[in-house]
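The structure is shown first.

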Amino acid sequence: IFIKNKEKRTTNKRAVNEGRFLIEFQFPKDTSAGQYLVELNVYEKDKNGNSINKGFVNKNIAIIQVPTSLEVVFENPEVEPGTNLKVKGILHDQTGEKIESEINIIIENKYDEIVEQVEKPTDEFLEFPIGYNNPPEEWNVIINSDELNNEASFEIKEKENVRVEII
């Protein structure tokens with residue numbers, strides 16, 4: 001029995017009983033998502049090693065993307081008061097390729113209070129306004145998908161701003 005795809009060719013010797021056989025084949029964990037053609041060739045040899053009976057079948061197998069990591073990406077991890085925080089999540093598959101999906105983004109202040117919670121497509125920035133009078137502190141972003149979670153923090157920078165009015 002031969003199993004062939006674009007990455008690997010495997011040979012196995014198995015018994016065929018009444019036209020039936022069982023073979024287990026495992027693709028490597030880092031196999032790219034996509035369609036693969038699997039060719040099975042079955043043959044019988046006589047005592048001299050000559051092929052006397054042959055059969056074959058071709059089957060398409062679909063390998064799907066499997067989420068393996070979730071990345072938190074800031075446009076800038078230090079945000080000035082009066083500007084927007086820009087953050088997104090990127091979901092990666094078994095080969096590091098991006099997966100299009102929906103993720104949940106949660107922004108927590110320094111007291112672990114949720115100040116924003118929104119569902120967004122992966123690889124799309126969420127823009128969250130930071131108040132012009134927000135003091136310097138560290139906040140957290142939590143991103144999760146159905147299978148994975150990740151957390152990162154960002155700094156709200158100090159902004160010295162004096163307004164003087166003489167009357």
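A residue is buried under 20% relative accessible area, exposed over 50%, and partly exposed in between (1.4 Å probe, protein chains only). The model is predicted: local features need pLDDT of at least 70 and side-chain atom pairs pLDDT 80 or more, whereas totals for chains, interfaces and linings use all residues. Residues are numbered from 1 along each chain as its sequence is written, and side-chain values use heavy atoms, without hydrogens and water.

Ile166 is exposed, because its relative accessibility is 79%. Ile166 belongs to the segment after β13. With Val162 and Val164, Ile166 forms a nonpolar surface patch whose accessible area together is about 390 Å². Such a patch joins nonpolar side chains (Val, Leu, Ile, Met, Phe, Trp, Tyr) within 5 Å, from residues with over 30% relative accessible area and no salt bridge (a side-chain nitrogen of Lys or Arg within 4 Å of a carboxyl oxygen of Asp or Glu).

The structure holds three aromatic pairs, with ring centres within 6.5 Å; planes under 30 degrees apart are stacked, over 60 edge-to-face and the rest tilted. Two of them are tabulated.

| Pair | Centre distance | Plane angle | Class |
|---|---|---|---|
| Phe74 and Phe154 | 5.9 Å | 55° | tilted |
| Phe128 and Trp139 | 6.4 Å | 50° | tilted |

Phe74 lies in strand β5 (residues 69-74) and Phe154 in strand β13 (residues 149-156), so their pair ties together parts 80 residues apart in sequence. Strands are DSSP runs (E, at least two residues), numbered from the N terminus. Phe74 is buried at 16% relative accessible area, and Phe154 is buried at 1%. Phe128 and Trp139 are buried as well. Ring pairs link Phe74, Phe128, Trp139 and Phe154 into a cluster.

Notes: Phe/Tyr/Trp six-rings, centres within 6.5 Å; stacked < 30°, edge-to-face > 60°. Helix = DSSP H or I, 4+ residues; strand = E, 2+ residues; numbered from the N terminus. Patch = residues over 30% accessible without salt bridge, like charges linked within 9 Å, V, L, I, M, F, W, Y side chains within 5 Å. Areas by Shrake-Rupley, 256 points an atom, 1.4 Å probe, with all protein chains shown as cover.
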